[in-house]
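Trainee: Please pick one region of this model and go through it closely. I would like the pocket lining first, and then the strand pairing.

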Amino acid sequence: MTDDYLLLNKANWDERAPVHAAAREYAVHRFLAEPDFLSDVVRFDLPLLGDISGLRGVHLQCHIGTDTLSLSRLGAHMTGLDFSAASLARARSLAEKTSTDLTFVESDVYNAVSALGGAQFDLVYTGIGALCWLPSIDRWARTVAGLLRPGGRLFMRESHPVLWALDENHTDRLVVGYPYFETPEPMVFSDGGTYVETDAEFVQTTTHEWNHGLGEILTALLDAGLTVTGFTEHRSVPWEALPGQMTLGTGGEWQLTEHQERCPLSYTLLATRDAGAS
């Protein structure tokens, strides 16, 4: 696997950053106006996230920092990491304008341990829509383990691999059109839009993406020395992943309009690094 995927995906996310920072869905204006405002994503996480006040946390693939800022507002001492310089510029601007003490580091996920100077954290947080940009779930799990202190915990909410396997071009039924399991070669997409409402047309449209099955994710974490402490599947996701088949509900979450019981759309996974791990 070469690093071509990094160059292509980074160019795409650099172009998305200013559009997302201006989008209604990211609600940057509310962060600036309301000192206690939290992103819809983190607000959804609250019941399973628990008390994080005083924890030293790192948010992998933090994008423009709205979730990172939200975690800080819950009392954690947060560092955000992302490979997109344009995204981090918006994140740093948001932190400065809200007078929030946040650290942002530019790095791809697999180099996070060295980029963060070997620091170990109480909490590793990874948000929704992150794992699909990574070719190897094993490398990701080893990175998470390397970032956690013994006894530290991972919190992740992610799009369900069943959802990633569905072909969104079918609007009348659920059709499996993409791999469920991790594959050596990426799925290659070219899309001139993004998941927020915008009239922007992008130039850097080619992306490389991968799916990872639940068994692969769980096994990778176990092999890396983590203990899974919780797993919950959800019937909603924060964007219209299947256009024409979904309805917007409360808290910015989209659900299947019909037969919600037929398909999981996202999940929350909790894990801890074994206290005896070296």
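Mentor: For sorting a lining, Ala, Val, Leu, Ile, Met, Phe, Trp, Tyr, Cys and Pro count as nonpolar, Asp, Glu, Lys and Arg as charged, and the others, Gly among them, as polar. The model is a predicted one. Its second largest pocket has a volume of about 200 Å³. The lining of this pocket consists of Thr171, Asp172, Arg173, Leu174, Gly244, Gln245, Leu256, Thr257, Glu258, His259 and Arg262. By class, the lining holds two nonpolar, five polar and four charged residues. Leu counts as nonpolar, so Leu174 and Leu256 make up the nonpolar pair.

Now the strands. Strand S2 (residues 77–82) is largely enclosed by the rest of the structure, because five of its six residues are buried, that is, under 20% relative accessible area. Strand S1 (residues 56–60) pairs with S2 in the parallel sense, over five bridges. Valine 58 has threonine 79 of S2 as its bridge partner. Between S1 and S2 the chain passes through helix H4 (residues 66–73), a right-handed β-α-β crossover. S2 also pairs in the parallel sense with strand S3 (residues 103–106), over four bridges. There, leucine 81 stands opposite valine 105 of S3. The chain gets from S2 to S3 through helix H5 (residues 85–97), and this β-α-β crossover is right-handed.

Notes:
Residues numbered from 1 in each chain as written. Predicted model: local features only at pLDDT ≥ 70, side-chain atom pairs only at ≥ 80, totals over all residues. Heavy atoms only, no water. 1 Å grid on protein atoms, 1.4 Å probe; cavity = no way out; pocket = protein on both sides within 12 Å on 5 of 7 lines; lining within 4 Å. Points joined across faces, edges and corners; volume = space filled by probe spheres on them. Buried < 20%, exposed > 50% of the residue type's maximum accessible area, 1.4 Å probe, protein only. Helix = DSSP H or I, 4+ residues; strand = E, 2+ residues; numbered from the N terminus. Pairing = 2+ DSSP bridges. Right-handed = clockwise from strand over helix to strand, strands pointing away.
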